[in-house]
Every structure is written in structure tokens, then in C-alpha cells.
Amino acid sequence: MSSSASNLQPTGVPGEPAASLKQRMVLLGPPASGKGTQAERIQARYGLAVTSTGAMLRAEAQAGSELGRAAEAHTNRGELVPDELILDLVAEWLEEHNGAFVFDGFPRTLGQGIALEQLLAERGTPLDVVFFFQTSEEVIHDRVLNRLTCHSCGHVFRMGLQVPNEDAACLHCGGKLGRRSDDNEAVLKDRLAQYHEKTEPLVSFYRERGILMELSANESPDAVFSQIVNVLEGLA
Ligand code: AMP
């Protein structure tokens, strides 16, 4: 790690984000680039509300709702879920959050990016920063094929590193671990194709707006978080 940023504490009232802290952000990147892991760390350190559209869809599918079933037909094929369904979920979520938030895995199409920009402009809460998780395809494959997700709390573990195998219990809540139905080689190929075609154009979209920050996301979670802290606290 090149700096001591990971030792810095946020300034301001304890438990409250500092006034100068960047607190409206998007985590953008390919599957398994570490967005969820970093979202958890940002939430733990700054108390910001996080939403992952992927996790929301999995919760809907687990609950057996109509939306969950409709979404699952897409996710299991590695396809993106139609913008209308996602935008309804996000608009509803934003109603309950007051101008400080982390979006993990949303937006994922230019249409979603434009809709989010309008939604936030109406509320007077534009994005402060978009973190772009730059990751090699080799690392993505390795992470997806060794990723276990808790069925109860959604926490993610690396098999062979944090937990020995799929029979281990969740280290956070004791829940059952398993592979996501879309975490396999065949579906990953399609997810990556969708990413390149539909999501990557958002990189230029946000670069043009001057809010894109590129992260070296092949590095360890600590090293990536240190890069994020520097940006959020205005140190980089
Ligand atoms: P994730 O958990 O972010 O990897 O998302 C899992 C799957 O949910 C994706 O492969 C998509 O099928 C679907 N999904 C999640 N977020 C979105 C989104 N913003 N737009 C469209 N589909 C999404």
C-alpha cells in the first residue's frame, strides 16, 4: 500500500459522515471486480446506505415474488434485467434515502445512467463520484469460480481463502453458503459479453462528466479500499 490512507479516520461528528466527504457514489465494473466487498467496507466506515440491484433481485427471487421470477429468467441466462424493472426498484429505494448513498452494480446501461441522472437532478442530489473497478478477465474468472455467497445475509467469501469449501457456515451470520446460480463459467461468458456491450459505455459517460475515478481493482481488498478512502476524503 503506497499511503497510510487506510489508517485515516473520517473527520466530523463520530458516526456521521464529514461535511466534505463525498457521499453519493456509484460502483461500476465487471462481475466479481470487488464492488460488493468495497460497498460493505464503505458502509461500515461511513455509515452510508448501500443498494445492490443484484442483491435486491436475488431477495425478490428468493421470496418468490412476480418481479423476482421475471428477473431470474434473465439473470440465470447472464442477461441484464430490463431497465423498467430496475428503475422502479431504484426509484422506490431512493424515496427512503436522503441524499447519501452507494449504488453497487447500478446503473448498468446508458439508459439507466441517464434515468439516474434525471432522478437525482430532480432531487438536487447529483452524484459526487463514480468508482470504476478496473480488473483483468483472469482475476474475474478466478473470483467468480471461487465465490461463495451466504443465502441468508448475502455476504461473499472466497473459497480456499476465507472458508474451506461449500459446506462451511457463513462467518457473519452462520447461514448456509452456496454458489450463486449465475456464478459458473457458461453464464459468466454471457455476463461479460453483456458488460462489454451495455455497461462499459457508462465509463465514457461518467468520464465526460468529470466524476469517474479509476481503481486498480486487481489489488487486495485493503489496497482497493485505501484508494477509495483517499478519494472520498479528498486526499487524492
Ligand atoms: P450482480 O449481483 O450485481 O452481479 O447482479 C446479478 C445479476 O442481476 C446480473 O447479472 C443481472 O442479470 C441482474 N442485474 C443486477 N443489477 C442490474 C442492473 N442494474 N440492470 C440490469 N440487470 C441487473
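Helix α2 (residues 53-63) and helix α3 (residues 66-75) have axes that come within 7 Å and cross at roughly 115°. This is a predicted model, where local features need pLDDT of at least 70, side-chain atom pairs count only at pLDDT 80 or more, and totals for chains, interfaces and linings use all residues. Residues are numbered from 1 along each chain as its sequence is written, and side-chain values use heavy atoms, with hydrogens and water left out.

Some terms. Helices (H or I, at least four residues) and strands (E, at least two) are DSSP runs, numbered from the N terminus. Axes are lines fitted to C-alpha atoms, for helices over the stretch in contact, and angles run from 0 to 180 degrees between N-to-C directions.

Back to α2 and α3: their crossing is left-handed. A crossing is left-handed if the near helix is turned anticlockwise from the far one by less than a right angle, and right-handed if clockwise. Which residues of α2 meet α3? They are Leu57, Glu60 and Ala61, and in α3 they meet Leu67, Gly68, Ala71 and Glu72; contact means heavy atoms within 4.5 Å.

Next, another helix pair. Helix α1 (residues 35-46) packs against helix α9 (residues 221-232) at an angle of about 55°, with the axes 10 Å apart. That makes α1 oblique to α9; angles under 35 degrees count as roughly parallel, over 145 as roughly antiparallel, 65 to 115 as roughly perpendicular and the rest as oblique. The crossing of α1 and α9 is right-handed. Among the residues in contact are Ile42 and Tyr46 of α1 and Phe225 and Leu232 of α9.

Now the sheets. Five strands form an open sheet with parallel pairing, in the order β2-β3-β1-β4-β8; two strands pair if DSSP finds at least two bridges between them. β2 (49-52) and β8 (212-216) are at the edges with a single partner strand each, so one side of each has no neighbour in the sheet. The twist averages 20° from one strand to the next. Within this sheet, β1 (residues 24-28) and β4 (residues 129-134) pair over four bridges, and Met25 stands opposite Val129 in β4.

The other open sheet has three strands, in the order β6-β5-β7, with antiparallel pairing. Its edge strands are β6 (156-158) and β7 (177-178). β5 (residues 147-150) pairs with β7 over two bridges, and Thr149 has Gly178 in β7 as its bridge partner.
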